[in-house]
Protein chains: 2
Amino acid sequence: MPKLSDQEKEARRARVLEGARRCFARYGYEGATVVRLEREIGLSRGAIFNWFPSKQELFLALAAEDNTRLQALFAEEGFDALLEAVTEHEPDWLAVYLEFGRRLKADPGLRERWIAISPPEARERSRAWIERGQASGDLRGDVSSEEIGQFLGVVIDGIVAQRALGFDPPASDVVLRFVRDATQARGGNRDGGG
Amino acid sequence: MPKLSDQEKEARRARVLEGARRCFARYGYEGATVVRLEREIGLSRGAIFNWFPSKQELFLALAAEDNTRLQALFAEEGFDALLEAVTEHEPDWLAVYLEFGRRLKADPGLRERWIAISPPEARERSRAWIERGQASGDLRGDVSSEEIGQFLGVVIDGIVAQRALGFDPPASDVVLRFVRDATQARGGNRDGGG
């Protein structure tokens, strides 16, 4: 087997991930057989599993990619940008998360890994975004930053679940309107003209 | 086969539904085979499918039961009671919804039936609850009742998804605090002491 340069290795790894993402979205987690992964990625099973030891590891790597990207988006641009990104994800791909969820539920060890999928520094940056908002008086200060994060997580998971199941969630501007009123510090009376 | 009285019929139907619910929660939708349904319900397949022509119809009947109960709870007691009920549902049962979701997504005809699962009068009562709140000045009036309903649906679906995947959603009082601020009319300044 010829030696690959670091750049070629990175490109190969990216190709495996992109093909696997398409394959999962198209056939679902269970339906993404080795034969289908080979076909969609365009590499042999030997080459694929050289990079990721199992289908599960492939999916976890993709979920880690998503998670890192979304956490960064939130930490840099805020909830609006995060909501936008989630709204742009393909429903077929989101459905793979729900399907994979059965495994998470059945396997506590896997769930631990899942929770650790987002690097601590990414979570820390997200928390810092909320705390800056609280310090500046934009976000409410009468609840903890963790509680704000948890509530935003529920809203995002609700949108993801609705899209993954093939339903249309409410328009982003409607969602944002409620989320802002739930999380922002109150400057005035909304019903008045504040 | 001996004739059953109407009362016996109703009891038989309820027994089939209860057993099927346990079986789905225990083995998942796909895993609930006819043999397992027979064992969990304690009736032969002939007797079971005499009431519901297929496994899919059995699940739809259970989902309709849930939906009717939750809509009534919301219309009579409000969002707090609905949230409480969803928090009490077994995660294993909620996970069946997510699993069934793949079918909904793949089958537009089934999705139409799913949307129609909640009787129009139940939805109407839920809408009336929101509109009464708006008229009395408890709920915000600067958005439509439909938008409030959609947002509450996102929150509930987020809680359901988190529980179905085996995670712990935030405590109900935390969720309610944000939801109230998102949906209630503003009388005063939260950060002050209003």
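How many helices and strands does chain A have? Chain A has 10 helices and 0 strands.

This is a predicted model, where local features need pLDDT of at least 70, side-chain atom pairs count only at pLDDT 80 or more, and totals for chains, interfaces and linings use all residues. Residues are numbered from 1 along each chain as its sequence is written, while chains are lettered from A and ligands numbered from 1 in the order in which they are written.

**View 1. The fold of chain A.** The pattern along the sequence is α-α-α-α-α-α-α-α-α-α. Helices (H or I, at least four residues) and strands (E, at least two) are DSSP runs, numbered from the N terminus. The C-alpha trace of chain A spans about 70 × 35 × 30 Å along its principal axes.

**View 2. The axis between the copies.** Chain A superposes on chain B by a rotation of 180 degrees with 0.0 Å of shift along the axis (RMSD 0.0 Å).

**View 3. The contact between chains A and B.** Chain A gives 42 residues and chain B gives 42 residues. Residues are in contact if their C-beta atoms, placed from the backbone, lie within 7 Å. On the side of chain A, α6 (91–106), α9 (145–164) and α10 (172–183) each give two or more residues. α9(A) gives the most, with 11 residues.

Terms used. Copies are superposed by least squares on the C-alpha atoms of residues with pLDDT of at least 70 in both. Two residues are in contact if their C-beta atoms, placed from the backbone, lie within 7 Å.
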